[in-house]
Amino acid sequence: MEWTDSAAADEARRGNQQAFRVLVERHSHSIFRLAFRMTGNEHDAEDLVQETFLRAYKQLHQFDGRSGFNTWLYRICANCSIDLIRARKRRNEQQTFTGDSLTVHWLDRVAAPGPSPERLMQSSQITGRVEEALKRLTDTERMAFILRHYEGCDIEQIASALGVEANAAKHSVFRAVQKLRRALEPAWGVAAR
Amino acid sequence: MRHFDEDLLVQAYYGEIDEESRRHLEGCDGCRSEFNRLREMLDSVRDYPVPPRKSSYGTEVWVRVLPHLPAEPPSTRRRPRWFQWWTLVPALAALVVIAFVAGMLTEQRQTGISAKSRERVLLMAIGDHLDRSQVLLTELVHEDPESGGLSGQRDRARELLTENRLLRQSAVHMGDVSDADLLDALERVLLDVANSSSSTASNDLQTIQQRIDDQGLLFKVRITGADAREKGQKL
């Protein structure tokens, strides 16, 4: 019989590590995607995946089942990501958004639907602006945008993952889109001419 | 109906508008034009290329996580009832005073080496110190509270504590707030372990483990140590 997330969490709380294994195997991919999109770095993302599940195991008694297990994991991953990003920012390394050889900047790989010259030109023209815009997003805005735009979470899930009210989550998504738009649209207009 | 503002356009993109708004969007050239501009921009960043992972990735993660899981079931790892945040106030106050005095004492000192060299030496020393602290913290996290005492860790904690104080003072002096903060947090744990008696109560150990957990200390030590070494090597 296949465990639901909630049943597996209950079992794991009682010390059944195989139940926790089920949860790890079930959610590793989505946590990796989230971690990578937050950090833009594969190595950091792997560290975050491991740390997220370790913290989850230790905090299993705090999972009350009101939100989905994946949303609860998103919240832990968000906290880990923000810890890491802030540590980096404080060091002024900003490894996440540099051209470091180990850091493949995701914005450099924002894929256009097709490799048409116009689209490639457009993409290269706006890449710098997108980079600047994302740098200006707060950690919360970036997380809210990633959860909404890439993971397809609804506002309630984002609010739960960020530990904020629904209105605040909605505002974070809006602010993120607004900042991206302000930065991108001028370049978009030039490229479209 | 009023024309769409930016907030409503974003909601429309994510399919969160009601039927009336949807009809307006279909019938209003101005709003639709605005919406199409927004959609084009958001669509352009939708393809976010995440490095692929094999279907067995979940198992790989499990293999990495398993050795680090505490032996005891997670439901038994509760904070002791007597523990409250305010019990830390005296210790925090003392740390603030120590940090202030250390800053005052070291402020005027000058050395013959360049600022860059000093920073490199400090970063490498911090990296090495955090490596050794990470080993100790890992042992503490996995220590069975019923095992009775921290004799295996006490001497090492004392050595690390002395080093930690010097590094923290140096970090404060160099204006490296993030390292100073981390070393502060680490020092509290080291202090508790160094001052533990040979028959440390299981509650004390659980408190230490809880503090390491609550602050994500092990993770921060690992990340900061790696960062410090990397930055030191680059200087």
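**Exercise 1. How many residues does helix H3 of chain B have, and what distance does this helix reach from its first C-alpha to its last?**

Solution. Keep in mind that this is a predicted model.
- Step 1: H3(B) covers residues 29-44, which is 16 residues.
- Step 2: From first C-alpha to last, H3(B) reaches 22 Å.
- Step 3: Now look at burial. The buried residues of H3(B) are Cys31(B), Leu38(B), Met41(B) and Ser44(B).
- Step 4: An α-helix has 3.6 residues a turn, so residues three or four places apart point the same way.

**Exercise 2. Work out whether His173(B) is buried, exposed or partly exposed, and explain why.**

Solution. 
- Step 1: Find His173(B) in helix H7 of chain B, residues 151-174.
- Step 2: Count the other C-beta atoms within 10 Å of His173(B): there are 17.
- Step 3: A buried residue needs 20 or more, and an exposed one has 12 or fewer.
- Step 4: His173(B) is therefore partly exposed, because its count is 17.
- Step 5: For a look across the chain, go to Ala99(B). His173(B) and Ala99(B) are 74 residues apart in sequence, and their C-alpha atoms are 9.8 Å apart in space.

**Exercise 3. Describe the side of chain A that touches chain B.**

Solution. 
- Step 1: Start with the elements of chain A, which has 8 helices and 0 strands.
- Step 2: Count the residues in contact: 48 of chain A meet 41 of chain B.
- Step 3: Ask which elements of chain A give two or more residues to this side. They are H2(A), H3(A), H4(A), H6(A) and H8(A).
- Step 4: H2(A) gives the most, with 11 residues.
- Step 5: Sort this side of chain A by class, and you get 22 nonpolar, 8 polar and 18 charged residues.

**Exercise 4. Find which residues touch the most other members of the largest nonpolar core.**

Solution. 
- Step 1: This core has 90 residues, and those touching the most other members are Ala35(A), Cys77(A), Ala144(A), Ile158(A) and Val173(A).
- Step 2: H2(A) gives the most to this core, with 10 residues.
- Step 3: Zoom in on Ala144(A). Beyond four places in sequence, its contacts include Ile158(A) and Val173(A).

**Exercise 5. Decide where in chain A to read the model with care.**

Solution. 
- Step 1: Chain A averages a pLDDT of 79, and 72% of the residues score at least 70.
- Step 2: Over residues 93-116 of chain A, pLDDT stays under 50.
- Step 3: For that stretch the model has 45 contacts beyond four places in sequence.

Technical notes
Residues are numbered from 1 along each chain as its sequence is written. Chains are lettered from A and ligands numbered from 1 in the order in which they are written. This is a predicted model: local features need pLDDT of at least 70, side-chain atom pairs count only at pLDDT 80 or more; totals for chains, interfaces and linings use all residues. Helices (H or I, at least four residues) and strands (E, at least two) are DSSP runs, numbered from the N terminus. Two residues are in contact if their C-beta atoms, placed from the backbone, lie within 7 Å. Ala, Val, Leu, Ile, Met, Phe, Trp, Tyr, Cys and Pro count as nonpolar, Asp, Glu, Lys and Arg as charged, and the others, Gly among them, as polar. The expected span of a helix is 1.5 Å times one less than its number of residues. A nonpolar core is a set of buried Ala, Val, Leu, Ile, Met, Phe, Trp, Tyr and Cys residues joined through C-beta atoms within 7 Å. pLDDT is the predictor's confidence in each residue, from 0 to 100.
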